[in-house]
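These are my notebook entries on a structure that is new to me.

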Amino acid sequence: MYKFITSVYKETLLICRDLGGLIILFVMPLALVITVTFLQDGAFRNITEQKTAILLVDNDHGEVAEHIRMGIEGSLFFSVSTGVNIKDLDEEKAKQMVRQGDFLMAIVLPEHLSEDLQDEVQQKVNRILSAFMEEEIPQEQLKDFETKEIRLYFDPTLPLSFKETIKTHIDKMMYQVENLFIYIAFEKELGEDKQLPFPTGKKLITFTEINPTPTKKIPNSVQHNVPAWALFAIFFITIPLSANIVRERTQGTNIRLITSPLPYGRLLMAKILVFSAIGLLQFILMVLMGLYIFPMLGLPALDISGRILSLFVVAIASSMAAIGLGVLLGTLCQTQEQSAPLGATLTVILAAIGGVWIPVFAMPSFMQAISRLSPMNWGLQAFYEILLREGTLASVLLKVALLCLFFILCMVISIVYDKAKRNL
């Protein structure tokens, strides 16, 4: 037992003397989770708290332009700047301001848009009524209308999804205003003395967002980012762990350890114990930051009430998977120059395909299939199951088992390879 405690002490000294490793393990993840959570927090807040400013160049000055302006502002996504706010605003100036990055987009309405739309609607209504009354409209009274073009200038940095959302929103508003004109035109032709308002009463269909989990609390950026970056931090164990194994081998320490009375399995157990404690400490620091530091910074607080045991089980299983990967890298690599970059690269790749950086649902279908092979994805989905879907320990046992199997597989490969190499 004394020899095992001494081996644990040796591993602790190695990691404590590695300042760079300590920074990677503790400082960098904390900085990452703060930065990313601040950046993403706006996406989880009410969109009315931060509107996107856009330009509206109104060459129409009619009902359509007013309806579009009110519709954009009423969507609560945007604040509209027009010629009233900006002097000498025209299409060329709006284009230049978007190109310079002053505005994310500009909408340019053509001249006579309202007038031509009203005339076109009136002509369609007249043709419908004439068909009912079995009358024929003279051909010379029919007019061909040119297609009106609403020009949209987008900042090149905007994603395609944002552009398509804007186009759909404007198309919807045009459909609504066209319906308004049709209603008014029919009302006029039918000879109503009293102008009826456009029917904007109770809608037949409405949308209600319902959280399928029993909780009434709305998921926020902290609940998403703390488990994701805690997992990312845990897997950075691979860098100092693999470096320590390679250092022991290159310095000859490994030979003395193997020839000592302490079995090789206990030497590995000492590493597993020390780095498991480090992984658990990383997770605890992340949770404490979510509980106490984030509220002080104006961010939502992390809610882990009633889920501490389940979270710790997933954290331990994730630490074991990271340790297995670190031992495997340390066994396969010949120098620290190989193990450190490889460990960092593998961690980044596993995080990228595992959903830590980009949600899995936003990936192409073949990448979604690959993401299921990432141990980070197993750990992340287990954390999300507990924090966001009100899952229990039983509901994440499969993912915990996969993490443990990954650890066992890495350790078996490492031991077999190490023995084969020593027998050469």
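**Charged pairs and a helix contact**

I began with Glu 91, which at 22% relative accessibility counts as partly exposed; I keep in mind throughout that this is a predicted model. I then looked for its partner and found that Glu 91 forms a salt bridge with Arg 151, with the closest N and O atoms 3.4 Å apart. The pair links distant parts of the chain, since Glu 91 lies in helix α4 (residues 91–99) and Arg 151 in strand β4 (residues 151–154), 60 residues apart. Arg 151 is partly exposed as well, with a relative accessible area of 36%.

Next I checked Glu 149, whose side chain meets that of Arg 151 in a salt bridge at 3.2 Å, N to O. Glu 149 is partly exposed, its relative accessible area being 48%. Through shared partners, salt bridges join Glu 91, Glu 149 and Arg 151 into one network.

I also noted a salt bridge between Arg 307 and Asp 303, with the closest N and O atoms 3.2 Å apart, and both of these residues are buried. The count of salt bridges comes to five.

Last, I turned to helix α8 (residues 238–250) and helix α12 (residues 336–354), whose axes come within 9 Å and cross at roughly 160 degrees. Because angles over 145 degrees count as roughly antiparallel, α8 is roughly antiparallel to α12. The contact includes Ile 239 and Val 246 of α8 and Gly 343 and Ala 344 of α12, and its residues divide into five nonpolar, six polar and one charged.

Conventions. Residues numbered from 1 in each chain as written. Predicted model: local features only at pLDDT ≥ 70, side-chain atom pairs only at ≥ 80, totals over all residues. Heavy atoms only, no water. Axes fitted to C-alpha atoms, helices over the stretch in contact; angles between N-to-C directions. Helix = DSSP H or I, 4+ residues; strand = E, 2+ residues; numbered from the N terminus. Parallel < 35°, antiparallel > 145°, perpendicular 65-115°, else oblique. Contact = heavy atoms within 4.5 Å. Nonpolar A, V, L, I, M, F, W, Y, C, P; charged D, E, K, R; others polar. Salt bridge = Lys/Arg side-chain N within 4 Å of Asp/Glu carboxyl O. Buried < 20%, exposed > 50% of the residue type's maximum accessible area, 1.4 Å probe, protein only.
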